[in-house]
Amino acid sequence: MKVLLLKDPKDKDAGPDPYVKELGLYGFEATSIPVLSFEFVSLESLFEKLSHPESYGGLVFTSPRALEAIKICLKENSKNEAWSKSLKQRWNSKPAYVVGKATASLVEEIGLTPQGEKSGNAEKLAEYICSREKPNSSALLFPCGALKREVLPTVLREKGVPLESLTVYQTTQHPDLQESLSSYFSQQGVPASIVFFSPSGVRFCLQHIQKLSGDFINQIKFAAIGPTTAEALEAAGIPVSCTAASPTPPDLAAGIQKVLHIQNC
């Protein structure tokens, strides 16, 4: 059975995509289609803030893209040197809060120690942060996307935990998305399941998928990587058959296997 993953395929250099690999263990034929493109902004401002750890109580990351923005900054020799010599060590005396494993591994790549990676979503991370931060302490620096949800900032504000947001990337539709979807459906047919990985993916893909699936859309089992994406699908009138227990390849694969196995019985 075929499963369509609406996400960027993992870099070839890093080995097979873990979601494709995990679904393959269950006998599913999974394909990834890139949905989003990212434009990085305010990088000078980002590094300026990173250069003053004494002004902040810690860092908050809810997206791998925010770490990509930092890594782009660190490609400059002078900035990389400043980071390696002192900034990294000074930030390491403060918490680096993260929302999931993918973000946590990128935090480790820049030499910091992540906290809160088991949270899985912004709501739970906000609760975790509030349980550890005192009200009216130094602000936490939050590099984020232009489309960030307001859940985490709102919860922290209500609890008196200062947060300084900085938009470091903007999300747009991948230029090849429509062509990639058309090509997939014409060559592979209608998949047994389609997995959405973000509310932006729902916004950019759903109309195309409805058109390409036609009358067969009711046969597709729609899945979401987490509750936020599931809410976006439901708001668009799409029944969600499966939401991953946590945003990891094993949990997603197990959820899809359960849904499609029941369907087959």
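This is a predicted model: local features need pLDDT of at least 70, side-chain atom pairs count only at pLDDT 80 or more; totals for chains, interfaces and linings use all residues.

Entry 1: Residues are numbered from 1 along each chain as its sequence is written, and side-chain values use heavy atoms, with hydrogens and water left out.

**Entry 2: overall build.** I found eleven helices and eleven strands in the protein chain (DSSP runs numbered from the N terminus: helices are H or I with at least four residues, strands are E with at least two). The radius of gyration is 20 Å, close to the 18 Å from the globule rule for 265 residues, so the chain is as compact as a globular protein of that length. That radius is taken over C-alpha atoms, and the rule is 2.2 Å times the number of residues to the power 0.38. I also noted that the C-alpha atoms fill a box of roughly 60 × 40 × 30 Å along the principal axes.

**Entry 3: the sheet.** Next I traced an open sheet of six strands, in the order β3-β8-β7-β4-β5-β6, with mixed pairing (two strands pair if DSSP finds at least two bridges between them). Its edge strands are β3 (36–40) and β6 (114–115), each pairing on one side only. Cys144 has Thr167 in β8 as its bridge partner.

**Entry 4: helix α7.** Which residues of α7 (residues 151–158) are buried? I listed Val151, Leu152, Pro153 and Leu156. Their cover includes β4 (58–61), α6, β7 and β8. After α7 comes Gly160, with a positive phi near 80°.

**Entry 5: Ser138.** My last stop was Ser138, in the loop between α6 (122–132) and β7 (140–145). Is Ser138 buried, partly exposed or exposed? Ser138 counts as partly exposed, because its relative accessibility is 39%. Beyond its neighbours within four places in sequence, Ser138 is in contact with Ser55, Tyr56, Gly57 and Pro162 (contact means heavy atoms within 4.5 Å). I also checked Ala232, 94 residues from Ser138 along the chain: the C-alpha atoms of the two are separated by 34 Å.

Notes
Buried means under 20% relative accessible area, exposed over 50%, partly exposed in between (1.4 Å probe, protein chains only).
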